[in-house]
Amino acid sequence: MGESKTVHSPLITYVSMLSLLTLCPPFVILLWYTMVHADGSVSQTWDYFKQHGFQGFKNTWPKPTAIAWKIIACFAVFEAVLQLFLPGKRVEGPISPAGNRPVYKANGLAAYAVTLITYLGLWWFGIFNPAIVYDHLGEIFSALIFGSFIFCIFLYIKGHLAPSSTDSGSSGNLIIDFYWGMELYPRIGKDFDIKVFTNCRFGMMSWAVLAVTYCIKQYEEYGRVADSMLVNTTLMLVYVTKFFWWEAGYWNTMDIAHDRAGFYICWGCLVWVPSVYTSPGMYLVNHPVNLGVQLAIYIFLAGIVCIYVNYDCDRQRQEFRRTNGKSLVWGKAPSKIEAFYHTTSGEKKSSLLLTSGWWGLSRHFHYVPEILAAFFWTLPALFSHCLPYFYVVFLTILLFDRAKRDDDRCRSKYGKYWKLYCNKVPYRIIPGIY
Ligand SMILES: NC(=O)c1ccc[n+]([C@@H]2O[C@H](COP(=O)([O-])OP(=O)(O)OC[C@H]3O[C@@H](n4cnc5c(N)ncnc54)[C@H](OP(=O)(O)O)[C@@H]3O)[C@@H](O)[C@H]2O)c1
């Protein structure tokens with residue numbers, strides 16, 4: 001536990017934790033304000049605050065209104081019901097550090113389809129206009145900021161008083177416990193997995209729902225959808241569809257298998273994903289940029305290739321692990337390392353590390369197409385303003401930090417076997433460069 005202790009120095013850990021805890025909430029509001037009310041222009045927002053000072057900032061921070069809470073509550077309850085009751089295959093997650101194996105119901109793709117069909121159906125039949133969500137976006141983000149903070153306090157208390165499994169523990173430090181979380185697999189009852197809800201069914205689902213919302217808002221505003229918006233929305237929807245198609249695979253990744261349920265991952269998925277991840281689309285609503293058919297097609301195709309390569313990297317690793325190293329990798333038998341490690345209870349176990357295919361190019365090659373895909377769905381905004389590119393820049397920093405965190409974790413888990421992998425595949429992310 002206290003993963004941050006092993007990765008960065010205590011000073012950097014505390015400074016970064018406290019900065020993120022205090023700066024992320026106002027940033028979400030500033031981003032929304034700039035995109036929706038200041039033409040996407042950072043300098044316009046800057047001028048406004050120069051003139052109006054802190055009072056100006058307080059005035060721009062919307063109060064969470066009843067309609068905002070209602071929209072969030074309807075969405076959250078709808079998703080929770082789908083998660084609990086839609087049928088799905090029983091899937092086992094990877095063995096946890098304490099030697100447990102979490103079990104899930106794989107109904108994400110069905111939940112995704114039901115959500116989008118319902119949302120579009122409500123619009124089509126005139127029952128609910130998604131433009132209302134855009135019109136109350138600031139209030140919704142404001143409510144999410146406060147609501148999710150309270151939810152993280154609940155996770156902290158639950159971790160202390162009623163952990164769901166032995167994969168839980170305290171670092172002895174309140175801030176670290178709150179920030180990094182205490183439980184790896186918190187559940188309500190036996191079946192309702194909280195991280196599947198926050199990360200997948202609320203966070204990722206809200207990304208798709210808001211992408212569609214932005215498109216509909218532009219249509220209502222201008223009577224048509226610009227090709228830039230179409231490329232952006234379609235690429236983001238392809239990405240999220242890929243996510244739900246492969247959701248059971250996501251349950252094997254760091255977010256679920258290593259990061260505990262705390263502010264970092266849960267607040268991030270409940271607030272940062274709907275606001276920051278969707279921000280290129282938020283910008284395009286009132287910037288109907290015209291790309292022309294040819295450029296639109298080139299950007300779209302480049303984005304699709306990146307999303308596919310990113311998917312294929314994840315698929316390759318998971319097929320390799322699922323078949324116990326017997327799957328073909330780029331048409332050949334894979335090269336691999338059998339790495340031994342001990343669980344926290346002292347049991348000796350082994351994992352296979354793939355050292356060919358995408359995983360032979362660099363140890364985290366999959367982050368390259370992930371970042372490029374984000375660049376290509378932002379590119380339709382062209383270059384009048386830099387703010388739409390914030391997500392790409394943020395993602396690059398996040399993934400470079402994540403690669404380091406993952407390397408450090410794997411080094412301490414696998415010891416000499418990880419060293420062997422690093423000798424065989426020396427680059428961390430960009431082959432030949434880094
Ligand atoms: N948009 C976003 O904000 C965002 C953020 C993060 C990730 N992602 C995407 O989510 C997906 C998953 O990424 P992830 O960062 O969670 O990491 P990941 O690559 O799925 O998981 C890393 C884990 O894989 C295992 N591993 C490492 N090297 C291996 C090898 N050579 N062969 C087999 N297993 C190996 C290790 O776990 P063991 O302990 O099991 O060995 C390691 O901790 C990626 O597509 C990524 O781009 C997106």
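Student: By class, how many nonpolar, polar and charged residues does the shell around the ligand have?

Tutor: Bearing in mind that this is a predicted model, the shell around the ligand has nine nonpolar, four polar and seven charged residues. There are 20 residues around the ligand, and those that come nearest are Thr253, Met254, Leu353, Leu354 and Glu370. Two or more residues of the shell are given by each of helix H12 (254-257), helix H15 (293-322), strand E6 (348-354), helix H17 (367-378) and helix H18 (390-414), and among the contributors H18 gives the most, with six residues.

The domain assignment gives domain 1 (1-289) and domain 2 (291-434), and the shell around the ligand draws at least three residues from each of them. The centres of the two domains, taken over C-alpha atoms, are separated by 22 Å, while 35 residues of domain 1 are in contact with 35 residues of domain 2. On the side of domain 1 that touches domain 2, at least two residues each are supplied by helix H1 (3-7), helix H2 (10-37), helix H10 (227-245), helix H13 (263-277) and helix H14 (279-285), with the largest share, ten residues, coming from H10. By class, that side of domain 1 divides into 19 nonpolar, 13 polar and three charged residues, whereas the shell around the ligand has seven charged residues alongside its nine nonpolar and four polar ones.

Definitions and conventions: Residues are numbered from 1 along each chain as its sequence is written. This is a predicted model: local features need pLDDT of at least 70, side-chain atom pairs count only at pLDDT 80 or more; totals for chains, interfaces and linings use all residues. Domain bounds come from an automatic or database domain assignment. Two residues are in contact if their C-beta atoms, placed from the backbone, lie within 7 Å. Helices (H or I, at least four residues) and strands (E, at least two) are DSSP runs, numbered from the N terminus. Ala, Val, Leu, Ile, Met, Phe, Trp, Tyr, Cys and Pro count as nonpolar, Asp, Glu, Lys and Arg as charged, and the others, Gly among them, as polar. A residue is near a molecule or strand if its C-beta atom, placed from the backbone, lies within 6 Å of it.
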